[in-house]
Amino acid sequence: MATRKELEQTSFLWGANAPFIEDLYGRYLDDAGSVDPSWRSYFDELGSETRDLFLRTRDASQARPGGFNAGAPAWAPAAAAGIGGGEVVSLSDERTKRLIRDHLRVVMLIRAFRVRGHLLAKLDPLGLVQPPPHPELDPATYGFSEEDMDREFFLEGMLGFDKANLRTIVERLRETYAGSIGVEFMHIQHPEQKAWIQARVENTHNKASLNAEERVDVLEQLTQAEVFEKFLQTKFPGTKRFGLDGGESAMPALETVVRRAAELGVDEIVLGMPHRGRLNVLANLMGKPYTAILAEFQGTGFPDEILGSGDVKYHLGTSRDRDLPDGRIVHLSLTANPSHLEAVNPVVSGKVRAKQRLKGDTERSRAMGLLLHGDAAFAGQGVVHETLEMSELKGFRTGGTIHLIVNNQIGFTTSPAYARSSPYPSDVARGVQCPIFHVNADDPEAVVNVARMAVDFRQMFKRDVVIDMWCYRRNGHNEGDEPSFTQPLMYRTIAHHPSTRQIYSDVLVADGVLTPDEAEGIFKTINGQLDEAFEAAKGYKVNKADWLEGVWSGIERAPSEYARGRTGADADLLREVGMTMTSLPSELQVHRRLQRVIGERRKAIESGKDIDWATAEHLAFGTLLCEGYPVRLSGQDSGRGTFSQRHATIYDQQTEERYVPLDHLRPDQASFEVVDSFLSEEGVVGFEYGYSLSDPNALVLWEAQFGDFANGAQVYFDQFIAPGEAKWLRMSGLVCLLPHGYEGQGPEHSSARLERFLQLYAEDNIQVVYPSTPASYFHALRRQLHRPFRKPLIVMTPKSLLRLKRCVSTLEDMGPGSTFHRVLTEYDTDHARDAKVERVVLCTGKVFYDLQAARAERDLDDKVAIVRLEQLAPFPQDAIGEVLRRFSHAKTFVWCQEEPRNMGAWSFIGPRLEVVLEELGAQQSRPLYAGRKAAASPATGYASQHAREQEQLVEQALVG
């Protein structure tokens, strides 16, 4: 931090610079463009009070623009110059000019507090972090002496004063900007938002105005939070619960957010949080009965029929209506989250976005996200930034999320100095111009105040808001951890520090709001409620799981047997969609090359033949839209398509206006949304997964620009998409489109890492398909919604096949009676032809076309049968057994893949094919492998080597 000496030498705020600033300010008022942009930004923030006073005084003087020293002597009312008393003086008088300069210096001081007052705020409840003096917040920096402190200045409403002496001004500034609350808002580039915050904090002196009843209510919330944690510690000592001890003020903060949001029209709030404090939130905010939670601790609070693996208590979510004291009802849903603390952030945002669409909440004022964070995680985990960056993007905005950082001033055992490079954990939010309210958790009324402001700001401006609540962690990382190993000074202080409830209870007693007995009575009442719940928990039984209610009503658990679904579309509907989506407005200036593309699509629809991949996809989307199912597709460059194949969005070549053909099928169609996402995988996959949780009747798709980019979102595949139903009883129908295929383009963008998704498969948790025809893809997409259950779908989508002339389908392949086939053969059963087959090659996806072409070149069509697995997981054992029975006499069975042996489907398919062959009594009990040898890298970077490898694996598959 700069010293006063350094500021005198380097800072424009030093008082001796006032004449220069005065002259510059005059020029700015005459012509803002005449001063440097940095000065222009500064002067913009001085406000109307300074401008009006300066202009009235200067205009009265009739001085030349730019200063007070030129022109004939003129006279002005003394009051305008801040002198008082009604005398008239010359503006060339040194006294008048000094008063004007002094006023500017006072405004500089006020502005400095608005910008940096938070640096002096008393935020640490433990008192271990003592803010040092800051020269820019010292009146002496601006040339004021101790004698000047009692001088009066006209402020014309600033800080709530018409006039005040400098001592009072400084006291008010410290009270407003450097008390228990520190406000960061001057980084915001929207003047109306800054003005709103400034007026709010200055007009109220940054204090909540709570009546006696409201103050007692806050004490009850603190007591509930504290007693709950102590009770669990007493009854279940050493059991991990990741308690809120030390951060109990989070509960009145959350309660205030919920109540205030409901007052302002919010009827649904989606919450996300890490594990610390989750049990307290479940009990005291969500309203989950104490009995149910205590039964879970005792091992009895689960359905008789365990529907999955379950998860630890402090990862679970719930959903319920809250009856508020004022009679309003708000629906709260707490999203389940693993120990990847911030991973839930985009999931919550996606859920909110879907709920807003379902409600028709175009103003985004009825459904809202509320996220809790730890300080180390908020600063350290990149998905925080990704979620913040989504907040103002057209395809992802939700009208603002309220973020509450429960700032324990420690991360596991890591001190802040080792956990971040910035002063506050919240600094990452400055990049998206969030207002940030820092607050001392041991001042619960200040916490309530900022919570109210946060909700009001969100509802007014539909922007994210951050509350950085400074508290501490009374225990270690978990209840069995010893924190003084690594933070002995902090935990020595914590051991003697009274709880927030105790501190606030003493305040209310001292203020005469409660007697000591009444305060103690609150404690005993809540403790008694927990004792009763503990006894009741011994016989508590859960009636049923509540996972298929609300918008999920009508959705069923997946059957044990394969359900095909009715995926064929009406022939007339297919033609209607096809013709409409290729009929563009005459006034639309379409790129010439794209005109040809659209024209070819129209010809294919008219003939009913040569339907390519992108056209089939459009038909799948379009028919679902006409059937009333919304479709949402997002990903990098998804509108056009990575390979310039989709063109779901068409741009006018003159105006760049967007036209989306699938938006114009029918007046009563469902909504279609195609979003070119920002350059994120983790954040966007999390968002779309969340969207799919809230709307089971929408086709929700995320497309990777290239399939290997999915590894940037691996947390969501590992922790949410694959195990979510088993852990949390939450279905998802999310579709992930992952371009995959070996075309000699190098190790990046060849492989979507098929093997990883197959390794994640178990218990029918996900579906993995690698379609080889446009019709197969068409049916796989429609199958997602035309079955009464939902499962995530991983699709290996093609690159070169997008334009391969042989990779086409017909409208008949998608029409009535058609369906998705998990296993494809080249022809129907023909006993005479089947009997000639000596070798059966099994494969999936793109390599089929290489095998087919090479077989024809070698004149092996009669001897080699090629069987395609369109679906790999769940493994279609019954279907493939039925197909291979036709060729059970064959001598050789081969699995062929493009990927290296340690990648692709081989490790998954090999053992399963072996079971099928054994059941058939085939001559060869184990399939052979044909493909690239095991490798560290997915593919070679040399085109010639790729070609040799491809030729070899095809040769190996066909002839050995």
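Among contacts in the protein chain between residues at least 6 apart in sequence, 79% join residues at least 24 apart. The model is predicted. Its chain has 960 residues, and 59% of them are buried. The secondary structure comes to 32 helices and 26 strands.

**Confidence**

- The mean pLDDT of the protein chain is 90. A value of 70 or more is reached by 90% of the residues.
- Residues 6-15 have a pLDDT below 50. Beyond near neighbours in sequence, this stretch has 25 contacts in the model.
- Residues 60-92 also have a pLDDT below 50. That stretch has 60 contacts in the model beyond near neighbours in sequence.
- Where pLDDT is low, the predicted coordinates should not be read in detail.

**Overall dimensions, surface and charge**

- Taken along the principal axes, the C-alpha atoms fill a box of roughly 115 × 75 × 50 Å.
- The protein chain exposes about 38500 Å². Carbon and sulfur atoms supply 48% of that area.
- There are 109 positive and 133 negative side chains. The centres of the two sets lie 3 Å apart.

**Aromatic rings**

- The whole structure holds 23 aromatic pairs.
- A pair of aromatic rings is described by the distance of the centres and the angle of the planes.
- Phenylalanine 457 and phenylalanine 461 form a tilted pair. Their centres are 4.9 Å apart, with 45 degrees between the planes.
- Both of these residues, phenylalanine 457 and phenylalanine 461, lie in helix α16 (residues 444-461). They are four residues apart, about one turn of the helix.
- An α-helix has 3.6 residues a turn, so residues three or four places apart point the same way.
- Phenylalanine 457 and phenylalanine 461 are both buried.
- Phenylalanine 706 and phenylalanine 709 make an edge-to-face pair, because their planes stand at 75 degrees and the cut-off for this class is over 60. Their ring centres are 5.9 Å apart.
- Phenylalanine 706 has 17% relative accessibility, so it counts as buried. The cut-off is under 20%.
- One aromatic cluster is formed by Phe231, Phe236, Phe297 and Phe534.

**Leucine 404 in a strand**

- Leucine 404 lies in strand β10, which spans residues 401-407.
- Its relative accessible area is 3%, so leucine 404 is buried.
- Leucine 404 touches Ala250, Ala253, Leu254, Leu371, Leu372, His373, Ile467 and Met469, not counting residues up to four places away in sequence.
- Leucine 404 and alanine 451 are 47 residues apart in sequence. In space, they are 8.9 Å apart, C-alpha to C-alpha.

**Positive phi angles in loops**

- Leucine 159 is not a glycine, yet its phi is positive, about 60 degrees.
- Leucine 159 sits in the loop between β3 (152-154) and β4 (163-165). With a relative accessible area of 1%, leucine 159 is buried.
- Glutamine 409 is another residue other than glycine with a positive phi, near 65 degrees.
- The place of glutamine 409 is the loop between β10 and α15 (416-419). Glutamine 409 counts as buried, at 8% relative accessibility.

**Threonine 819 in a loop**

- Threonine 819 lies in the loop between β20 (793-797) and β21.
- Its relative accessibility is 14%, so threonine 819 counts as buried.
- Threonine 819 is in contact with Arg564, Gly565, Thr567 and His779, leaving aside neighbours within four places in sequence.

- A cis peptide bond joins alanine 873 and proline 874. Omega is about -5 degrees.
- Proline 874 lies in the loop between β24 (871-873) and α30.
- Helix α30 covers residues 877-884. Its buried residues are Ala879, Ile880, Gly881, Val883 and Leu884.
- What covers these buried residues of α30 includes the strands β21 (823-824), β22 (839-843), β23 (864-869) and β25 (892-900). Helix α31 (906-920) is also part of the cover.

Notes:
Residues are numbered from 1 along each chain as its sequence is written. This is a predicted model: local features need pLDDT of at least 70, side-chain atom pairs count only at pLDDT 80 or more; totals for chains, interfaces and linings use all residues. Side-chain values use heavy atoms; hydrogens and water are left out. Buried means under 20% relative accessible area, exposed over 50%, partly exposed in between (1.4 Å probe, protein chains only). Helices (H or I, at least four residues) and strands (E, at least two) are DSSP runs, numbered from the N terminus. Contact means heavy atoms within 4.5 Å. pLDDT is the predictor's confidence in each residue, from 0 to 100. Accessible areas come from the Shrake-Rupley method with a 1.4 Å probe; for residues, only the protein chains shown count as cover. Lys and Arg count as positive and Asp and Glu as negative; His and the chain ends are not counted. The place of a charge is taken as NZ of Lys, CZ of Arg, CG of Asp or CD of Glu. Rings of Phe, Tyr and Trp (its six-membered ring) pair if their centres lie within 6.5 Å; planes under 30 degrees apart count as stacked, over 60 as edge-to-face and the rest as tilted.
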